[in-house]
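Here are some questions to work through with the model open beside you. Take them slowly, and look for each part before reading its answer.

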Amino acid sequence: MTAAAVGAGLPRILGPIRPRTRWRETRLLAIVAASLVVGSVSLALTSQVADPGESHGLSLANPLHVAIYLGLLGIAHLVLILSGRRMDEILLPTAGMLGGISLLLMERLPQTQVVQSIGPWKLGLGDVQLAWLVLSFGLATTLAVTVRSDGWLRLYKYTWAAAGVALLLATFFFGDDINGQRLSLTIGPISGQPAELLKVILVVFLAGYLSENRPLLVEESTKVGPISLPPLPFLAPMAAMWAIALGIVVMQRDLGAALLFFTVFLSLLYIATGRVGYVVVGVLLFLAGSYVMYLLVPTVQTRVDIWADPFRDPTGDGYQIVQSLFAFGRGGLLGTGLGAGLPTVDGRLPIPAVHTDFPLAALGEELGLIGVMAILGLFLVVVERGLRIAASAADEFRSLLAAGLALVIGTQAFIIAAGNLKLIPLTGITLPFISYGGSSLLVNGIIVGFLLALSDRGVEPPPPPRPRSRFARLTGRVARLETPAAGRAPIAPGPSRRSPPAADDR
Amino acid sequence: MTATPTPTPPPAPRPTRLTPLGRTIGHVGLALTVAFAGLALGAGYWQVVRSPELTTDPGNPLVISAARNVVRGVIVDRDGKVLASNKRDPDTGQPYRVYSSDAFSGVIGYASRQFGTAGIERSFNAQLTGVSNGNPIGDALRKFELDPYDPQKLTLGISSRLQLAAVDGLGSDRGAVVMLDPRTGEILALATTPTFDNGAVANPNTAEKAFGALRVDKTQPLLNRATQGLYVPGSVFKIVTAVAGLGSGRITPATTFPQQPKAEKDGLVVSGFRIHEHPGVPSRSFDLMSATEWSSNIWYALAGMRTGGEELASFAGRMGFGNQIDTDLPTAASQVSGGGPGPGGFADEVELANASYGQAKTLVTPLQMALVASTVANGGILMRPHVVIATAGRGGIQAVAPSQIGRVISPEDAAAIAAAMQRAVESSIGRQFTTGAKVSGVPTAGKSGTAELGGSGAPHSWFIGFAPVQNPRVAIAVIVERGGRGGQRAAPLAGDLMTLFFRINK
């Protein structure tokens, strides 16, 4: 095996390397590469037709960008091969295709939408997005290869949650004020949107809490008259956690993130307990809360009114959504072709926020209904792989973690796509992998990395179940006194196995 | 494995009704798949079902952009005479519209870079700019063309000679003329006065001044009186009453009213309100024929009351009343009644009785009255009125096929009304009211109207009619605002125009 020979030559720091071929991933990546090259050629042709002065030969729209991006995917593929882990082979090409579509779209839009100056260089929209894509896939690959234990996630779930809330509070008090919203935080040279990272943190916390208290949540211990209620004391900390996160998000007017958190929360609760009642109560609470918000918060009222009838004020409040629907309509079944849509009037783009909030509208116009279906299909593949990883994970924490991460991608894609299509009121969140934005792309990278790592069932077995509640701990106290390490005995002892007795930070 | 036997294993979870995670994860996956299917349906709705409408919306940037840069398709009359063509601005190189004559300003409207579009230029903007050719498959394949714009040439059913004669005949009076072919619904002339210089509005250099003046002009030249002017109909509405009475079977051509001779002397008392006949009508019993010939208000009031408000409104509705007429131009909805609580929207019997001879809260457009004449002329079948009879582009000529709105009354009833209308034009008595309406050598049918407006001013002069009585080829409605009795202005003008029609179309 040649790959093994290559691996043998690498320094020992990385440990014994036994490369493992990933032919399915190789084949899929080849398809991705071919599609992106075709897309780039098509984009180049369109711009030539628009500017007939130039020659009409075949070329790539921006050969360097495509080369860098495909090279990046190739390196990620090679690293995964060399790592020798038995990981999912479909996630990387699927995410790679979505990222590639993003790159083509950002190259096609006016480069002046975003300009970043780094030293003497001026980077346009396409350059910046490519940089973020490189970092994002780099992060995904690094996490996929290096994360071999989940103890640091599951044991410190409250710490993570506290850190997440602290980050949000910091944003609320010290964040950059843009249009009355404080969504981004600048620390030194780095600026980002903490709400993006909070998605992952919330999933980690929920997975930890739910996996630990799952049996108790299913038992009906509190009875009020004829109605059986869930054991309230065990639901309280989680609900409080959720309410704090949600409350902050609502205060910041980040409605899309609030909707996302809520949906993922309810989905995980259902996955853990299998009780439809929780979902019903949750949805009713959500509807009641939404109605109160509609009455009290003017922003929400405007959003809902615009959604109800955007054509009432097509040049004012309803402008963006009407323009989005126009774009979908212009696309029709087959689309106008990459680069041939988005007609400008006086040089202005029809949808100002096309690169952040409305990429699907632009893609719907240029790739048509067929393209929209394909992109929705790619998202469904990501979700399907994530849920498959979740269903076959070694224990409940990993199951819930994988399911939660996959649902973050799927739900977020749904919320913004449905907003673009006027199926629900528009909320400003990003379309995963496709929208312009560093924070969003990095978090998507983290999610792909975690999912890849979780898909490897070959390495680390999960820690054995720990006492799952105060009550259980009380009953288990005698046993614990007799054998202090009984609850933590490693099933498969290995050199990397940590045994942190003081790690319980509850 | 160093298997130290543990005396007491960690407390085993109690057996609970835990659903396997795999199953609940499957449920959530299914739910998300359904949600994505909803997205696909939503995209299909906007991109396929609503696409034609969205793509041709005047607010769509594609339409706006095309309107500025594309050389619009020419508009010709039914004989191929050019009515609207293009010139290029010598300074900017941008194209603008020029029109052959002001006489067509009402029907063709204008296409101005500054002030948008009106008339046929507005309703066929998408075809004239080539944004859509009205053929879904052709539009979908447009992306494969090098030049995506395919401006269509429009052929109108308008006959220039009739149109010019109509505008000429109206002269300095305000008014409108609608002529159409009752067999096909093709509009042959659609005149409205005063006309305006639509070329000045289309020319970017004069638009500002011309349009500003038109907007404040008290005579409202921008109002297309033929389709959007709402007038009191007077006696021409009696034909609607006849259609409803015969159509509903409540009256027959032989119906007489025993109370009429007495009522002719001192008026017909309806709920305390006294309806008077116009002077000179003999005090005897009438039937449909003689009542139409004499234009008896009292017979028609009695006929209307016997028919009932509900049937009157219903049959009027079948001819277009109550809704905007489905045609190529925006229309105002004609109304039978004031929208009161009684059947058919009549407040009481008094309103119904007065409406039956056209003097209550009834308001009609000239186009609507032309359709009433056309229905009777075409044996009771109403055809959809249309201005554009063919579009021609790269893909060849597409003729607009005549389409039927529906049958209103039986051929026998239509023939009875036609015979009465012929008497109203051709008998020695009828001729007193419809002076000059007769086309020499062609059996002519018609009904004049004198719309009393209250106050001291002259009444509106109305005429509707058609010819020949057997197998009619032309139907007409004429109104001259403040033109006096029907026989004074409208009837002679209608006679002249129909005479011209038969001279042109031997």
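Q: Which residues have the most contacts inside the largest nonpolar core?
A: In this predicted model, the largest nonpolar core has 138 residues. One of the residues to look at touches V382(A), V383(A), G386(A), L387(A), A390(A) and L451(A), leaving aside residues up to four places away in sequence, and this residue is A406(A). The residues with the most contacts inside the core are A406(A) and L451(A).

Q: Which strands are the edge strands of the open sheet in chain B?
A: Five strands of chain B form this open sheet, in the order β8-β7-β17-β16-β15, and their pairing is antiparallel. An edge strand pairs on one side only, and in chain B this holds for β8 (187-193) and β15 (445-451).

Q: How many bridges join strand β16 of chain B to strand β17 of chain B?
A: Strand β16 of chain B covers residues 460-467 and strand β17 of chain B covers residues 474-480, and the two run antiparallel. The number of bridges joining the two strands is seven.

Q: At about what angle to β17(B) does helix α18 of chain B run?
A: Helix α18 of chain B, residues 366-377, lies across β7 (175-180), β16 and β17 of chain B. Its angle to β17(B) is about 150 degrees.

Notes: Residues are numbered from 1 along each chain as its sequence is written. Chains are lettered from A and ligands numbered from 1 in the order in which they are written. This is a predicted model: local features need pLDDT of at least 70, side-chain atom pairs count only at pLDDT 80 or more; totals for chains, interfaces and linings use all residues. A nonpolar core is a set of buried Ala, Val, Leu, Ile, Met, Phe, Trp, Tyr and Cys residues joined through C-beta atoms within 7 Å. A residue is buried if 20 or more other C-beta atoms lie within 10 Å of its own, exposed if 12 or fewer, and partly exposed in between; C-beta atoms are placed from the backbone. Two residues are in contact if their C-beta atoms, placed from the backbone, lie within 7 Å. Two strands pair if DSSP finds at least two bridges between them. Helices (H or I, at least four residues) and strands (E, at least two) are DSSP runs, numbered from the N terminus. Axes are lines fitted to C-alpha atoms, for helices over the stretch in contact, and angles run from 0 to 180 degrees between N-to-C directions.
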